[in-house]
Protein chains: 2
Amino acid sequence: MNRGIDTDLNATISYYREEINRHLDSFLANKVDEAARISPYARDVILNAREYTLRGGKRLRPIFFIYGYKCISDVEGDAERAIIDASISIELMQSYLLIHDDIMDEDELRRGKPTFHVLYRDICEREFGPGLGSAKSVRYGENMAILTGDLLEAYGEEVLASSSFNAEYVRKALCKYLEIVRNVGYGQIMDITSEMQGSITEDEILMIHQLKTASYTIEGPLQIGAILAGAGDSELQVMREYGIPLGIAFQVQDDILGLFGMEDKIGKPVGSDIREGKKTLLIMHALSRCTEEERRFILRTLGNPHLTMDEIEAVREIVVRTGSLDYSRKLVRENTERAKRAMIQSNFRPEAREFLIKIADFIGDREY
Amino acid sequence: MNRGIDTDLNATISYYREEINRHLDSFLANKVDEAARISPYARDVILNAREYTLRGGKRLRPIFFIYGYKCISDVEGDAERAIIDASISIELMQSYLLIHDDIMDEDELRRGKPTFHVLYRDICEREFGPGLGSAKSVRYGENMAILTGDLLEAYGEEVLASSSFNAEYVRKALCKYLEIVRNVGYGQIMDITSEMQGSITEDEILMIHQLKTASYTIEGPLQIGAILAGAGDSELQVMREYGIPLGIAFQVQDDILGLFGMEDKIGKPVGSDIREGKKTLLIMHALSRCTEEERRFILRTLGNPHLTMDEIEAVREIVVRTGSLDYSRKLVRENTERAKRAMIQSNFRPEAREFLIKIADFIGDREY
């Protein structure tokens, strides 16, 4: 990989990440004011939603959103401000999804801090007295998290609906945005129901990846941005041919990093996918190729919160020996190449095209 | 009240109610198909969401939506179909809010059948075996209800975003729609937090009424419909002057019926507001005017699920003796009159104006 290109890419990503954070912060500050005009309770909730949303995140989705626009149309001055403003819609969607997901998965931590429902469970215990009983605090915490997710879902759509782009484009962009919300919802229903069911096929895993990650992370944001610039069907089709394989590469790389990555880089404990019982493609592939004894061992580790480093190491060895790591790496490589080919053949504006080719390599090679 | 007029009104309401139900059913049938293309799990969830949404309901909100449009513009043929289609957006919002509210309030029944989270708790126990443990089934039930509410929230917005009206009007209508979602969310935060807090002022109750009911039940739907017909600010202002007082009248009448209504007409057990600990205006007013002994008695009944009919009768007597029933009835009457005056003075299209004046009387006099 050309490190010179890499430096440019990083600079661009950093520039937009900061801009996106600034716009997000200012949008949510206005929402804090809006809520404060109603009640101090509502104000505090939105203050916490702001803190939660700004805890971190790579902001890749709004960056793809912006570059979807830039594929079709130049941005300068006001146009850049307007598209960055609109791009935070997808980050508000992300925040809504994470808050609701954390309730469903009963997670306690998100980016090193309490998840939203845990935050409000604790606030409840502190403010309204320990006499309440913990069931009431848990209920209150989840209620606040449900409501805040609902509000953030609406905020994201408001950002688009109130944007200053051509009204017909806005209407179409909203339809695409809502399609993503639906797909993620359907994917999540599949995910948690098949977990209950206790069995899942490789096809179902790929389908869930496609619904929850592939279309949502890359294809969707690119297309929404492009629609706001007036893109037609053939242009959206190219974005699909680029976005879907790259989205799959992104997810599979995530699975690899979750098991083999460095804890300080990926920002979560190594092996947490296994602890959470996630049946990643990596694990499913290994299960279909290991010995019966290894199979029983892996199934015992899945969902075990008290996993030791030795056990994680043993899972890694099985994944390597069965060729599942190589298989997954190949999947990442092939999908990244497929995405790049689609982009190279496109007639998008050169600056955006170059950026999207480079970021595909970045996603395929990333260590976090 | 002129009974002849009443018959016309009922016929009109019945006509639109049936049309709305037909459009809702057909929209949700398409969503069942959409979900079925993804997974049988998703299909089943949307089938249940359809059943839930079609269980009943007065459909007053979409009727106000349609009449908001009719205040400004004629509807015939295709235009009528299009506005009825768009009006179901507000009923999908209602369905989303009820499903999430039922989780928050831990309610078991909605319109005589299991609430959504209870339905899926039971499905989980039946399908995935009793070996799971009840905590897991409860979690699964709530998760499905959270996701289904999220999907219905998005469906409602999709109905508007994909409608065939002028794109600029659609954009503005969506902004108004999302304002309602926010207001209801803020109101709900106030409501459940003040409940935890254990104290609430009359001003706060009025504010919650305004956020959760007044703007949402009448003003909002009227305005969205009117915006789709191209209404300007002065026309929306008249709808506010009609919708806000009538929304308050609607809510206070609801409170009265909840304590004094006939069970077979209101469709829920008499006194359920008290059992649920709802501090309605009726109760708050009585609390501020009764004896210390009566006050302790009322506070003991609030939130007590095992209330007897004798105790309900005793609360009723206090509410009557303190003049709180008269006070509330007067509030309903005055607000209904204020709403009617605003409508009479408007220059809206005559048929719509007459209907909205008549329905104001209906709301003020209704027994269910």
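A residue counts as buried if 20 or more other C-beta atoms, placed from the backbone, lie within 10 Å of its own, as exposed if 12 or fewer do, and as partly exposed in between. The structure described here is a predicted model, in which local features need pLDDT of at least 70 and side-chain atom pairs count only at pLDDT 80 or more, while totals for chains, interfaces and linings use all residues. Residues are numbered from 1 along each chain as its sequence is written, and chains are lettered from A, and ligands numbered from 1, in the order in which they are written.

B:Phe348 has 22 C-beta neighbours inside 10 Å, so B:Phe348 counts as buried. B:Phe348 sits in the loop that links α15 (324-344) to α16 (350-365) of chain B; helices (H or I, at least four residues) and strands (E, at least two) are DSSP runs, numbered from the N terminus. Leaving aside residues up to four places away in sequence, B:Phe348 touches B:Cys71 and B:Arg353, where contact means that the C-beta atoms of two residues, placed from the backbone, lie within 7 Å.

Turning to the whole of chain A, its secondary structure comes to 16 helices and 2 strands. The radius of gyration of chain A is 21 Å, close to the 21 Å that the globule rule gives for 368 residues, so chain A is as compact as a globular protein of that length. This radius is taken over C-alpha atoms, and the globule rule is 2.2 Å times the number of residues to the power 0.38. Along the principal axes, the C-alpha atoms of chain A fill a box of roughly 65 × 60 × 35 Å. Of the 368 residues in chain A, 48% are buried.

Chain A is divided into domain 1 (1-191) and domain 2 (232-368), with bounds that come from an automatic or database domain assignment. The centres of these two domains, taken over C-alpha atoms, are separated by 24 Å. Their contact takes 9 residues from domain 1 and 13 residues from domain 2 of chain A. On the domain 1 side, α1 (3-36) and α3 (60-72) of chain A are the elements that give two or more residues, and α3(A) supplies the largest share, 5 residues.

A nonpolar core is a set of buried Ala, Val, Leu, Ile, Met, Phe, Trp, Tyr and Cys residues joined through C-beta atoms within 7 Å. The largest such core has 203 residues, and those with the most contacts inside it include A:Tyr67 and B:Tyr67. Both domain 1 (1-191) and domain 2 (232-368) of chain A give residues to this core, so it lies between them. Among the residues touched by A:Tyr67 are A:Leu222, A:Phe355 and A:Leu356.

How do the two chains fit together? A rotation of 180 degrees with 0.0 Å of shift along its axis superposes chain A on chain B (RMSD 0.1 Å), by least squares on the C-alpha atoms of residues with pLDDT of at least 70 in both. The two copies are thus related as by a two-fold rotation axis. Of the residues of chain A, A:Ala167 comes closest to this axis, at 2.7 Å (C-alpha). The contact between the chains takes 42 residues from chain A and 42 residues from chain B, and the largest share of the chain A side, 18 residues, comes from α7(A). Because 100% of the interface residues of chain A are also interface residues in chain B, the copies meet through the same surface.
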